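Visitor: Hi! Could you walk me through this structure?
Guide: Happy to. Let's bring it up and start with the ligand.

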Amino acid sequence: MRHFLTTEDWSQEDLNQLLVQAAALKENPINDRLAGKSVALLFLNPSMRTRTSFQVGIQQMGGIAVVLQPGQDAWGIEFRSGEIMDGTAEEHVSEVAQVLSRYCDLIALRAFPGFQNWEDDRHDNFILAMAEHATVPVVNMETIVHPCQELALALTMKEKLGDLFKKRFLLTWTWHPKPLNTAVANSALLIATKFGMDVTLLCPNEEYLLDPRFMTAARRNAEINGGSLTVSHNIQEAYTGAEMVYAKSWGALPFYGHPDEEWPLRRQLRQFIVDEEKMALTDNALFSHCLPLRRNIKATDAVMDADYCVAIDEAENRLHVQKSVLLNLLNC
Ligand code: CP
């Protein structure tokens, strides 16, 4: 049985097969390949795109989606083993995973990190616990990585740019008033290097580098797949010649759990907004973002409304790639 927890576990060839199938599903979206199948979608955090695209995608293939929000419309879940459960959680992931596995053919989970202790959160223990106790495939709907977003980004880039090998991909940190999850940034590095792109990570300084787990995985991907990974703190140099600009804001990991201590640094970084002046330095680059995006904070109206902005295409592609993942994991 295979899970879809992180693309670190999937080869470029396997991911390509998912993308080829996703493109076919985009052409012919309605089928009955999930007839008789049910999928549990567990959201510990808010969502618009992920929830809608999974629900609609499952319905388009004749399956049933059961959406649960533990702690709101379902019992709160304890994910740590050996805990004395005298907090707010009413049941343990062990029972949740086993019971849902009896009802459903697949479990998908969104569980953002807790923003308290990165040494704990960096191990992605919640989704690993779900996969350990489930007897059906488990899909990551965003934890400390966002592999479904990765596939949507890859499909969008392939549609617009063709073969991704050696294409110049810029992942730029952007301004935002509060420290956000590093998941999409980690994922952007993983998928761009997995497809052999020449990747530049632009961030304000070393404190904004991503966790060594993902920096190392991206470097390994680059070595295996013939691309590269460069770190830059120079906005002008990083944008120059880029063919794809991908924006994301994230919290500096040395300040994880201490946002007040990061603020004096962060408040000076508004210049990292994506604007037309920066995009003019590129090689007619496309721009995208996973969404949601605060306009005129992370990117200007002009960038978001430009023909080169493919964020809506990427959001649409969530639907097609997730359907492909479900069919693959369920052998349908
Ligand atoms: N990009 C993404 O996952 O969007 P949602 O948080 O709205 O699901």
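Visitor: How far is a polar side-chain atom of R49 from an oxygen atom of the ligand?
Guide: The distance is 2.9 Å for R49. Keep in mind that this is a predicted model.

Visitor: And what about the side chains of T50 and H146?
Guide: An N or O atom in the T50 side chain sits 2.6 Å from an oxygen atom of the ligand. For H146, a polar side-chain atom is 2.9 Å from a ligand oxygen.

Visitor: How much of the ligand's accessible area does the protein cover?
Guide: On its own the ligand has 260 Å² of accessible area, and the protein covers 93% of that.

Visitor: Which residues surround the ligand?
Guide: Besides R49, T50 and H146, the surrounding residues include S47, M48, R110 and Q149. C290, L291 and R318 are also among them.

Visitor: Okay, new topic: how much space is in the largest pocket?
Guide: About 510 Å³. The pocket is lined by 26 residues, and those closest to its centre are F112, E142, K248, L291 and P292.

Visitor: What kinds of residues make up that lining?
Guide: The largest pocket's lining has 11 nonpolar, 7 polar and 8 charged residues. Domain 1 (7–145 + 319–330) and domain 2 (149–314) each contribute at least three residues to this lining.

Visitor: What is the volume of the largest cavity?
Guide: The largest cavity has a volume of about 30 Å³. Its lining consists of Q149, E150, L153, V184, S187, A188 and Y246.

Visitor: Which helices supply at least two residues each there?
Guide: Those are α6 (147–161) and α7 (183–194).

Notes:
Residues numbered from 1 in each chain as written. Predicted model: local features only at pLDDT ≥ 70, side-chain atom pairs only at ≥ 80, totals over all residues. Heavy atoms only, no water. 1 Å grid on protein atoms, 1.4 Å probe; cavity = no way out; pocket = protein on both sides within 12 Å on 5 of 7 lines; lining within 4 Å. Points joined across faces, edges and corners; volume = space filled by probe spheres on them. Nonpolar A, V, L, I, M, F, W, Y, C, P; charged D, E, K, R; others polar. Domains from an automatic or database assignment. Helix = DSSP H or I, 4+ residues; strand = E, 2+ residues; numbered from the N terminus. Near = heavy atom within 4 Å. Polar contact = N/O pair within 3.5 Å; in protein donor to acceptor, adjacent residues only side chain to side chain. Areas by Shrake-Rupley, 256 points an atom, 1.4 Å probe, with all protein chains shown as cover.
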